[in-house]
Structure formats: structure tokens, C-alpha cells
Amino acid sequence: MIAKIGKGGANTHGVLRYLYGAGRANEHTDPHLVASWDGFAPDPGRDEAATLTQLATVLDLRVKQAGDRAPDKHVWHCSVRAAPEDRTLSDDDWAVIARRVLNATGIAPAGDPDACRWVAVRHADDHIHIVATKVRGDLTPPRNWNDYTRAEKELGAIEKEYGLRQVPRGDRTAARRPTRAEQEKARRTGHATTPAERLRTTVRTAVAAATDTDEFFTILRGTGVLVNLLHFPSGDIRGYKVALPDDTNAKGEPIWFSGSTLAPDLSYPKLSERLAPTRSTTADQPSRRRRTAWHQVTDAATRIPEILAQADDATAQAHITVLAETLDALPLIAPADYKHQLAQAASTFERASRSRIRAHHQQAQATRRAVKAIVREAAPKDGALLAILLDALLLAVVATQHWHHTRHHNQQVEAARQTAEHLRNAYLAANVQPLAVIHECGLRLAVSVVQRQCAIVRHALPDLADQILAEPAWPALAATLTDAEIAGLDPAALLVRASRHRELDTVTSISDVLTWRLHRLVDATGEGPALPDSGRDGHRGPSAAVPGRSRQQPPRRGGR
């Protein structure tokens, strides 16, 4: 169940006229009262003698009595909606739910004879509207501070008791939901999303690409977005607003959105903190060989699960923020075949990227620099590097889901879960071509080599061995294990390390996943040459025994 509490108004009759009317699209059917403060309020929906004016008059009685002491916006309006898959509740059910919400919010505490006057109107199967006037019997205002949070908490208990879908509850860090009017305007103009949603995506992508605030505004203007900077008297920037050129009001003026209106973490102060200049440290630099930005981002993503498990909350939140920036950046540079799924993953993870925990962004700046570098670095020509990175990102997102779960961040948990689904789909698509090349190499391995790799798998992963050896992708894993031996590494130890990560219990092919994880682990060790070149130096490792096989080993990050 979801509660939506309006900003309030001063026209009780106007609200009732909407609730008892046909609706904006004739969607209201059989509007009627399911409950009221005393059970005897006139019901224009079921009583032909009752009128809206009569109902508004009795609701406003205490407002008139309070005179100047009554609040300017005395109408309290709350809608409560069930999930689409929930069973249809009876009028009696909705009456009980309305009273519980009113009690929880402080508008009408149970057993209080001076509680505010209220009615609950039902004009659809799946929701009700509660309308109250905010003057008590003693002519004082109700104590309804923080009413939305209290209503949501009560609805969570109601969902459990009634066996309804348990909706993830938020921590008030979510971006503002588009209003019905904004959604209808988007549909009229031929857009699937509202201007605010499109601007939010554009701003987040610009943040992921920009190295400082000046470049951030330059990138925004380059996309065609209108940018209005706000300054202090000193001349320093204090904020910004953005608008779409084709989104105007009745006067033809642009409709502006501040960064904080788009999302809590897009305010200028928070962006400035994330884009603050930092110096690279020696620890940021590779020790054995130059690593591309793609490798650095993959390394950083690989470390996120461990960081979330061991670091303090502020550091963990900083790395989750950078993980979101990585997902925001990928659609800019990924091959066209994967852009849609990656864009969906980035958009969905946006909700999982924030919590009430304040991030210590300086702890994740090395990763942030690598993310910005991949935007400027040529994208890989095939899907191998992308597949390896997506596997690392998938593990990081699943670890994020677990991190939020242990802290009861329910909406973030659901967002991370959905993000993982999008990433799996992108990973499966990016996985096909490069894995096929490695698979072909595996088919050419000598029988004795394959037998040795089978024995290694059975020794290292006895519980998974039968499944792995029966999978179609087993030859690719066998080739990768062989190349690990050529690189002078222990393939059994690498298998154990790779299998410790989460997600093996949900993958469709364990061999696929282990193949890329082994590639990543071998590359991260820096021991020996990279796997694609491991057979070029005359080293006579296991792969040298393959009849008819060329010295060139299966490609590691692309089939060159």
C-alpha cells in the first residue's frame, strides 16, 4: 500500500467535488463514503438527499468556529492505494484502514472526542481518499508532524496483517515522483518520461563524465540543456537550475528545475563535493604494468564487495555512489547492442545509490578518476572487456543489495535487485562473441590436458564439478585454466577464489562466469604476460600440447 499526502488546501468543497466527480478521465465509479468521524456524515454518493455543500459544511464547522485561529490551508488530504496484485478490499476493510491511518498520523487519534473531522471516500476498487479539516474540537490544530512517515509505517503493518503485497518503504532520499499532470503532459508531447526524469538522467550522466564543476556545466550545455547558474553576492556559485528548451509554461517560459529538486544528491553543494579536485597518489598507480582505465574500473568494481563488508558506512556509501557513476557512464561508451539494458540498469540503480548515510567521497576518488577516464578512452572493439567489467559490476550491485538489506533500506534493496537483472541481460549479450572464441580454443585442447583440467575442477570445486563439466561452456573454462597454468599460476587456487563471490547460485552457466572471473583474477595478479599473449614467448605450458594449435592463445579482452 502507498500513501500520498497532499500539500493541503483551503477549499474543502473543491476537494469533495473532485472525489465525487467523474475524474479527469472518467475513471471514478460509484463514489461513496466508507467511513467518517462519527458515522453519520451525509453521503452525496449514496443518499439522494445529501449534497456536497452539506458535507463540506459539516466538515468545515470547526474551521468556521476557530476563525482567524484556523490554519490558512485547513484541508488534509491523503490517498491510500493498494498494489495492483492485491485482492479487492471491502468497504469495511477500507474503513478500518482509514481509521488506523488517521490514528497513526495524529489527525484523529483513536478514542479522542476532540479529534479532527474527517471522511473516507471510495471511488475505485484499489484506493480511498481521506479528507480531514485540521481544527480539533478544542479549536487547536492537530499534532500531525511527520504524518507521511507515520502513515507509511502503519501501512507496512496493515500489509502484513491483511496478507497484501509488502511495498518497500523509503527513507525519504528518493527522487520526487512525477505528478499525474506531469505524466499526462509527457504523454501528450510524445515522451515516455517527464522533463524532470529526462533532466535527472542527463545531469547524472554529466556528473559521471565531468572532472570538475566547470566541465559539468559545459557538458550539460553541450547536450542542449538550458543552464542557469545562481550566485552569492561574492560571485561564488550557490546553485544551478536546468530546463529543456521544449518544456515551457503557458507564457512560453522554460520550466526550471533545481538540482536538489531532481534528486537529493544532485544539489550543487553535493556535486561540488563529489567533483572536488584530488591528486593521484602512488597507491593509485599500477605497480607492474600500465593498466587502462577499463582495467582500473574493473579492479575497483571487484573490490567493492569487500569494501562494503569491511569498511565503515561513510566509506561504503561513497563507493556505492561511484558504482552508480560507473553505471551512468557505461551507456555513453558501450556498443549500441547493450546501451538499452545498461541505461535501464543505471536508471534503476539511481534509487539504490542514496541513503541517509553521508558518504565520505574522498575515500573513492581513485575509482572516480578511472570512471571519468573510460569516457575518454576508446571503447573495446569486442565484448570481452565489457563482459569482464559487467561481471564485476554485477557482483558489486549484489553486494550493494546485501549492504542495504542489513540496514533495512528496503527501497534501495529492491532497486539493486532490479538493477542486477538488467546487468545480467547485458552481460549475457556481451558474453556471446568473446566466449565463442575462447570456446573454440578449448575444443582444440589435447585430451590429456582436458582430463587434467577436469581433475583440477573436481578437486577445487567438488560440489559444483558435475554441473560445470556438463555445461556447454566447459571448453572455454578449460582453455582459461590452461592459460592460467601457462602464466605460472595455480588454477585450482584461482577457481576457489572465483567461486567465493556471490551470484554463482543464480547464474545460468557457472562455466561462463568462472571463465571471466579467472581472466580478471589472472590479470589482476600481474604475474606473467596477459593471457592473450601467454603462448607467444615460447613457454611450453600445457597448451603447447594441443595438436594443430597456433602459438596465439585465446583472446583475453577481445579477439585480436
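**A friendly note on this predicted model**

1. Please keep in mind as you read that the model is predicted.

2. Now for the overall make-up. The protein chain contains 21 helices along with eight strands. There are 560 residues in the protein chain, and 52% of them are buried. Take the contacts in the protein chain between residues at least 6 apart in sequence: 73% of these join residues at least 24 apart.

3. Moving inside, you will find that the largest nonpolar core has 85 residues. The members that touch the most others in this core are Leu 330, Leu 390, Leu 393, Leu 423 and Leu 495. Helix H15 (residues 384-406) supplies the largest share of the core, with 15 residues. Another core, of 29 residues, lies apart from this one; Val 34, Trp 76, Ile 97 and Ile 130 are among its members.

4. Setting aside neighbours within four places in sequence, Leu 393 contacts Ala 301, Leu 323, Thr 326, Leu 327, Leu 330 and Leu 423. Two of these partners, Leu 330 and Leu 423, were also named above among the residues touching the most other core members.

5. Is Thr 321 buried or exposed? Its relative accessible area is 8%, so Thr 321 counts as buried, the cut-off being under 20%. Beyond neighbours within four places in sequence, Thr 321 is in contact with Arg 274, Ser 353, Ala 359, His 361 and Arg 368.

Notes: Residues are numbered from 1 along each chain as its sequence is written. This is a predicted model: local features need pLDDT of at least 70, side-chain atom pairs count only at pLDDT 80 or more; totals for chains, interfaces and linings use all residues. Side-chain values use heavy atoms; hydrogens and water are left out. A nonpolar core is a set of buried Ala, Val, Leu, Ile, Met, Phe, Trp, Tyr and Cys residues joined through side-chain atoms within 4.5 Å. Buried means under 20% relative accessible area, exposed over 50%, partly exposed in between (1.4 Å probe, protein chains only). Helices (H or I, at least four residues) and strands (E, at least two) are DSSP runs, numbered from the N terminus. Contact means heavy atoms within 4.5 Å.
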